[in-house]
Amino acid sequence: VKPDVKDICAGALLSLVGLFFFFQALDYGVGTARRMGPGYFPMALGVATMVVGLAILVPAFKRSGEALKISWRPIAAVLGSILAFGILLTWTGLVPAVLATVFIAAMGSEVTRPPATIALAVFAAAIAWLIFVVGLNQPLPPFRNLF
Amino acid sequence: MDLFTIGFPIASSLDNLIYCFLGVFLGTAVGVLPGIGPLAAIAMLLPITFHLDPVAALILLSGIYYGTEYGGSTASILLNVPGTAANAVTALDSYPMAQQGRAGIALLMTSVTSFIGDAIGIVTLIMLSPLIIQIALSFGPTDYFALMMLGLLATAGIGSSEPIKGLASVLIGLLIGTIGVDVNTGFARYNFGFFELFEGISIVVLAIGLFGVTEIIASVTRSHKAYHGKVSFRSMIPTGDDMRRSVAPTLRGAGIGSFFGALPGAGPMLAAFFSYLVEKRISKSPERFGKSVIEGVAAPEAANNAAAQTAFIPMLTMGIPGSTTMAVILGAMMIHGITPGPLMIQEHPDVFWGLIASFWIGNVLLLVLNIPLVGLWVCILQVPYHLLYPVIVVLICLGVYSVNNSVFDIGRSAPFRRSIPPSRYMPGTA
């Protein structure tokens, strides 16, 4: 496939990150090379990142590369499960958080069947409770705000 | 010899033996399973080590690190899927061997060459460290700066077909390193009002987000075959020809591995790849490579193990981590109040020599784990990945949370990478 979409996206993203850090750094006070302010180093890095981003972006237009194929399903499932864990851990406690994490993460795979997932979730909750609460004495109540 | 007077008595205490065993056992398991690497395993166990004394913690974490290099070849041989990136080259010749019914021999030979590679790596570590410490003691800030530059540029340049992308990753790392309070002015940068970002983004969170979580996502999409078969002891006995042809490649591989391991930014993967190329180049019949030659199995396995051991050289003698995994182990040392660097061998000889003595013990344990107990690992390979990864996600979340009991850190482990600001771990600067 022409052009190399993958590298065009990567280069563009990198340049944007550089641009963001650059502008933010200007607010922090750049100072001079002799008396550097807190923004001096990030500003220089921002410029360098933009340059490298463009160096990846521009040549990519002239060559062909792999087609861009993103598997949204596992990305959404795994990141979603991490998010759920973070929200539920302090809200409803360890056990519901682990159960939700396993259910959501398992949705990322096409071959998982519900009975296996339920068994897996219970198993994971038991392991997590045994290691982190019983074994390591972490301050993690198994249930919270539920009853 | 401090190794025998200080090291072995510490490493062979019952507690430390147990932690050493636990480390190499988990390391092998993690290595065997594709889709979970040493980094994720170390980060998961990091909070557990907070409760241990420093030597035990390091013995456990290091055991995981070099143990994965043993386990990693198992999946390469049986499934043609490398357990860790460093074992990818091994699959080229060992999988065809397995298809010809020589899986047992490949499994035995990779364990034996791994052991020899490790042994040569440890000897290099013991011989070179005092010399490097002598030089490093005279280093001033300028020398450390030059060394850091070399490390960063080597990361970008070595072993990458596109150095510009390596450079891009170095820059992203440095950018993320600027998050948090500026050490010189005390000004908080890029924290967007979040109190939690004042201290910057911790290396554990970053490593898990960038390498742990992404590895899981990538592995879910790849279809995982499970292995259904058995490996008998009888099938593991190599022929005299196999052994004779493996000697020189193993030694060459260990030499190449020792060199690449000690270079920052190189490491086991590159060592394995390079030693395979060398064997192919000097072979009288290079066309046979990729079609089950024993040389192509022995050399890279010796190389990646030797590299895993010598990777400790820059970390222990100068306080410079050569890879992300080493950076996490270094972070663990800092948490326990030990600053790696030229003074460590004098200030904490028990930690330094105890750790090295544990390498010897760990490798002997690994040899036992990987030859007589190979059946256990073959069983583990029969667990399908889709049943495994949700549990790994849970353990990763809990591990990251436990580092400082913060939900905020879990949210941040969505993909990022960072290099530690030099002042955090370098003696003599800032």
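Chain B and chain A bury about 4100 Å² between them, 83% of it from carbon and sulfur atoms; buried area is the accessible area (1.4 Å probe) lost when two parts are put together, summed over both. On the chain B side, B:Leu175, B:Tyr190 and B:Leu398 supply 16% of the area buried against chain A, more than any other three residues. This is a predicted model, in which local features need pLDDT of at least 70, side-chain atom pairs count only at pLDDT 80 or more, and totals for chains, interfaces and linings use all residues. Residues are numbered from 1 along each chain as its sequence is written, and side-chain values use heavy atoms, without hydrogens and water.

**Interface make-up**
- The contact (heavy atoms within 4.5 Å) takes 53 residues from chain A and 41 from chain B.

- One salt bridge is found between the chains, the term meaning a side-chain nitrogen of Lys or Arg within 4 Å of a carboxyl oxygen of Asp or Glu.
- B:Lys165 and A:Asp7 form a salt bridge, with 2.8 Å between the closest N and O atoms.

**Helices on the chain B side**
- Helix 8 (163–177), helix 9 (203–221), helix 18 (385–404) and helix 19 (407–412) of chain B each supply at least two residues of the side touching chain A; helices are DSSP runs (H or I, at least four residues), numbered from the N terminus.
- Helix 18 of chain B gives the most to that side, with 13 residues.

**B:Ser285**
- B:Ser285 lies in the loop between helix 11 (268–282) and helix 12 (295–310) of chain B.

Methods: Chains are lettered from A and ligands numbered from 1 in the order in which they are written.
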